[in-house]
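Dear colleague,

I am passing on the structure below, together with some notes on what was found in it. Please read the notes with the model open beside them.

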Amino acid sequence: MKKIALHWQIMIGMLLGIVFGFIMTTISSGKEFTGNWIAPFGTIFVNLLKLIAVPLILASLIKGISDLKDISKFKTIGGRTIVIYIITTIIAITIGLLIVNITKPGDGITPETIEKLTREYAGNEKISKRIADANTQKQSGPLQFVVDMVPQNAVKAMSDNKMMLQVIFFAIFLGISMLLIREDQSKPLKNFFDSLNEVVLKMVDLIMLTAPYAVFALLANVVVTSDDPDILLALLRYALVVVAGLLLMIVFYCILVSVITKKSPFWFLKQISPAQLLAFSTSSSAATLPVTMERVEEHIGVDKEVSSFVLPVGATINMDGTSLYQAVASVFIMQVLWPEGLTFSNQITIVLTALLASIGSAAVPGAGMVMLVIVLEAIGFPSDKLPIGLALIFAVDRPLDMMRTVINVTGDATVSMIVAKSVGKLGDPKVKEWDDNYKEAK
């Protein structure tokens, strides 16, 4: 498979994994075999990506800031990044609301389907946990997410990928402090992080050698653990509305790339496709982050000064796909269970709440449903119907989670290109292969 481009290798692995998974569902012990002997390889791959996420963010961000030589440049990059992320998120939510109000997927759900879904999922342990997590997050003060950004212990923050914003804060603080001391004093530390950055990027190259086999394992496990096909069919119309909205976001990103950066959107999608396919397989922007950074820097040509800030921040606060999903899912649930709540003011509240919820949400699988609970409670959705509402969409949440993560990652890459273009930091790609120095190392 060496001569085949990486994105095709991953695509082949995904297709074979899906076929293998369906075959295993027809065998009595297939699910157990896949769980015991296939799924662990996918888990190991995701763990490897998570393993290097914090070192990569730390090294890349500190290197990027220390290379600036001028703090005002960081202010410019940071300000533009946050503004563009907010704009794209609002557009994603608006697209979601428009498409769900036009198509009205909730009208196709029968009382029998509602009863079956309620019986199947309303008491589900995962749904109860999502509601509890959302209540905990909702009870926090309006500035709690700012408080949570500042770590009490930098080492502890680096030990947990869920504390990514704290790692980013520490890296920015350290990088700026390095700019404020004499160059001869900061140079040893800068050299260390420059070297660490190169080593971690080489680790990304090595891990990606196993990507085709890993996505085979991940997709096979998704298929064998999927829910009742009859229920999935009943929710097909809702799922298709979400997918249509996500595809419109891809079109939107392609227009931005073409108009603002003057790059071919097809070339852009080709370069970022390995990160997109991994996002689909892992359902985690954070796990995909090392690959996203490698593709954006080496294959698209975004300078590290920009990518090292834009992409880690985007992986934690920019969730266009998830925000679009909030809009579609919340209106869909209201169409089925609470049609009288479909007022204009409630839909404006959905826009604002989904925007704010996306900032504080973790870049991990299942975070979208926690955000959805916050959105529904913000518009006064009846609490007794909340478990039923989540049960309505729970069966198709995992495949839709996979798809919306693709949009999250694509949005991060698009914004990094726009910011880089605006500050003159979008250059030519400089691809590095895993075996560039293999002969010297032998």
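Which hand, left or right, does the crossing of helix 2 and helix 15 have? The crossing of these two helices is left-handed, a term used when the near helix is turned anticlockwise from the far one by less than a right angle, with right-handed used if clockwise.

Before going further, please note that this is a predicted model, in which local features need pLDDT of at least 70 and side-chain atom pairs count only at pLDDT 80 or more, while totals for chains, interfaces and linings use all residues. Residues are numbered from 1 along each chain as its sequence is written, and side-chain values use heavy atoms, with hydrogens and water left out.

Helix 2 covers residues 30–66 and helix 15 covers residues 304–317, where helices (H or I, at least four residues) are DSSP runs numbered from the N terminus. The axes of helix 2 and helix 15 come within 8 Å and cross at roughly 135°; axes here are lines fitted to C-alpha atoms, for helices over the stretch in contact, and angles run from 0 to 180 degrees between N-to-C directions. That angle makes helix 2 oblique to helix 15, given that angles under 35 degrees count as roughly parallel, over 145 as roughly antiparallel, 65 to 115 as roughly perpendicular and the rest as oblique. On the side of helix 2 the contact (heavy atoms within 4.5 Å) is made by Ile57, Ser60, Leu61, Lys63 and Gly64, and on the side of helix 15 by Lys304, Glu305, Ser308, Phe309 and Pro312. The residues of this contact of helix 2 with helix 15 divide into four nonpolar, three polar and three charged, where Ala, Val, Leu, Ile, Met, Phe, Trp, Tyr, Cys and Pro count as nonpolar, Asp, Glu, Lys and Arg as charged, and the others, Gly among them, as polar.

Helix 2 also meets helix 9 (residues 183–208), with axes that come within 8 Å and cross at roughly 150°, and this crossing is left-handed. The residues that helix 2 brings to the contact include Phe45, Leu48, Leu49 and Ile52, and those from helix 9 include Phe193, Leu196, Val200 and Leu201. The residues of the contact of helix 2 with helix 9 divide into 16 nonpolar, three polar and three charged.

Aromatic pairs

The structure holds seven aromatic pairs, counted where rings of Phe, Tyr and Trp (its six-membered ring) have centres within 6.5 Å, with planes under 30 degrees apart called stacked, over 60 edge-to-face and the rest tilted. The rings of Tyr238 and Phe332 have centres 4.4 Å apart and planes at 25°, so this pair is stacked. Tyr238 lies in helix 12 (residues 236–261) and Phe332 in helix 16 (residues 320–337), so the pair ties together parts that are 94 residues apart in sequence. Both Tyr238 and Phe332 are buried, meaning under 20% relative accessible area, with exposed meaning over 50% and partly exposed in between (1.4 Å probe, protein chains only). Phe252 and Tyr253 form a tilted pair, at 6.0 Å centre to centre and with 45° between the planes. Phe252 counts as buried at 18% relative accessibility, and Tyr253 counts as buried at 1%.

Single residues to look at

Thr81 lies in helix 3 and is buried, with a relative accessible area of 0%. Leaving aside neighbours within four places in sequence, Thr81 is in contact with Phe309, Val310, Val415 and Val419.

Leu390, found in helix 19 (residues 386–394), is buried with a relative accessible area of 0%. Leu390 and Ser128 are 262 residues apart in sequence and 9.6 Å apart in space, C-alpha to C-alpha. Again leaving aside neighbours within four places in sequence, the contacts of Leu390 are Ile127, Ile131, Ile333, Met369, Leu372 and Val373.

Finally, two loop residues have a positive phi without being glycine. Lys104, in the loop between helix 3 and helix 4 (111–121), has a phi near 50° and is partly exposed, with a relative accessible area of 40%. Ser283, in the loop between helix 13 (265–282) and helix 14 (285–300), has a phi of about 60° and counts as buried at 2% relative accessibility.
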